[in-house]
Amino acid sequence: MLILGIESSCDETALALVEDGKVVLSSLIASQIATHSRWGGVIPEIAAREHLEAIREMYQQLMSTTGKNLSDVDAIGVTQGPGLIGCLLVGASFAKGLAQAAGKPVIAVNHVHAHVHGALLGIEAPHEQIFPTLALVVSGGHTNLYYMNSCIEFELLAHTMDDACGESFDKVGKMMGLPYPGGPHVESLAQKGTPERVPMPRMVERKSQLVFSYSGLKTAVALALKSMDKTGHRLEDIAHAFQEEALGQIIRKLGIALGMRPATKSIIVAGGVAANGRFRELMKRATALPVWFPPLKYCSDNGAMIASLAYFQHCSNPATAALEWDVFSRYPFETLMTTLGTKNNEKQSIP
Ligand code: KG4
Ligand code: ZN
C-alpha cells in the first residue's frame, strides 16, 4: 500500500512516499531555518507562506523522482496537529485537494505520535520484539513519554509542565548568542565543557512525579551567564552543565516509568533532540533494554513518519482512519484553552 505523507506543522515542508509503512521511496524536506534564523525563532505567518510557496513544487518533484503519480497512491496521510494553525492549514488543504481530485482517502495524523514512527522506520526488528515499549518524543514543541502496547496505541505517561526540552536548548542557545536552532550548537559547545564545574538545579526531584520541567533550568543558565565575570565559568562549562540536567532528568523519569511498567521490551527515543550524541550515550547506559533511535534524517520533522503512522492507522481501522475532519476537530476550543497551560492536547493517564 503506497501512502503519500505530508508534514507542514512548523518550519519544515516535508513530503514522502512510503510503501507499507516501512519502505521509503523518497522523502523530501525543505527547511525554513535560513528564513527564521534572522528572527531567532519561527514566525508563524512567514512559515505558513513559505509552506504555501514550496508544497506544490515539492509534490511534483516527489512524483517525478519516484516515477509515480497520484493514481498509484492509495491514501494521503497529513499532519492534523499539533502545530501552527496557518502552517497546518496549508498541508491539510493541499492533502484534501489532492484527495478530492483523485478520490483517495485522507488520514489525519498526530504529529507528536508520528515522531515515534520516525524511529520505527529505521528498525529491522519485528514489532513483537519492540512492543510494549516506552517511547520518548523529545522535540522543539514536546517532551512526552508514552507507554505503547502497539505502534498505534499511545498512553501518555509524562509531559513537560512548561518548556519543551528542545525549546530549552533553543532558548539557551539564544542567550549564549548561538545561531537558531540552538540545539546542535549547544551540544557542540557542551562537548568542550568540563564536567561538574557549574552547579545546576535538579528539576522535578520528587521521585513520584512523572513530569518534566525546563523553565527553572533556563533561569539557572541565565543567572550563570550573568555572573560569568564573578565566577570565571566558561560558556562551554555552562553549556555542559545545562545539557547534563536537560537530558539527565529524562533518564531519571524513564527509570521511574520502567519500574512501573515491567513488561516493557524496548525504549524508543524520537524527535529533534534524539539527534543529540550525548543523549544517545546516556540512554544506552541507562538501561539493558534495546534503545531505538531514528536515523538522523528522521529525527526532525519529515513526511515519511507521517506516511508510516497513517499506514498503520489505516491497517488498524480503514473505516475510521479516513473520516471527515478538519484541523480544529482534534482540539475543540474549550479543550485548547484548558490544555494550553500544560502544553498538551492529550489526556494523561494516571499510572
Ligand atoms: O522534532 P523537531 O524537528 O521539531 C519539532 O517537532 O519540534 O525538533 C526540533 C528541536 C529543536 O528545538 C532543536 O534545537 C532540537 O530539536 N535539536 C537538538 C539537536 N538537534 C536538534 N537539541 C539538542 N541537541 C541536538 N543535537
Ligand atoms: Zn516535530
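How are the donor residues of the zinc ion (ligand 2) spaced in sequence? The pattern is H-x3-H-x185-D. The model is predicted, so local features need pLDDT of at least 70 and side-chain atom pairs count only at pLDDT 80 or more, whereas totals for chains, interfaces and linings use all residues. Residues are numbered from 1 along each chain as its sequence is written, chains are lettered from A and ligands numbered from 1 in the order in which they are written, and side-chain values use heavy atoms, with hydrogens and water left out.

The protein donors of the zinc ion are His111 (NE2), His115 (NE2) and Asp301 (OD), at 2.0 to 2.1 Å. Donors here are N, O and S atoms within 2.8 Å of the metal (3.2 Å for Na, K and Ca); water is not among the atoms, so sites may look incomplete. The four donor atoms around the zinc ion subtend angles of 96 to 131°, which makes the arrangement tetrahedral, a label given to four donors if all angles lie between 85 and 135 degrees. For comparison, ideal angles for four tetrahedral donors are 109.5 degrees.

Turning to ligand 1, 20 residues surround it, and the closest are Gly140, Asp170, Glu187, Gly272 and Ser300; a residue belongs here if one of its heavy atoms lies within 4 Å. By class, this shell holds six nonpolar, 11 polar and three charged residues. Ala, Val, Leu, Ile, Met, Phe, Trp, Tyr, Cys and Pro count as nonpolar, Asp, Glu, Lys and Arg as charged, and the others, Gly among them, as polar. Domain 1 (2-115 + 300-341) and domain 2 (128-293) each give at least three residues to the shell, with bounds from an automatic or database domain assignment.

A polar side-chain atom of glutamate 187 lies 2.8 Å from a nitrogen atom of ligand 1. An oxygen atom of the ligand is 3.1 Å from a polar backbone atom of glycine 166. Aspartate 301, also a zinc donor, has a side-chain N or O atom 3.2 Å from an oxygen atom of ligand 1. The protein covers 88% of the 560 Å² of accessible area that ligand 1 has on its own (Shrake-Rupley method, 1.4 Å probe).

Methods
Polar contact = N/O pair within 3.5 Å; in protein donor to acceptor, adjacent residues only side chain to side chain. Tetrahedral: all angles 85-135°; square planar, octahedral: opposite > 155°, others 65-115°.
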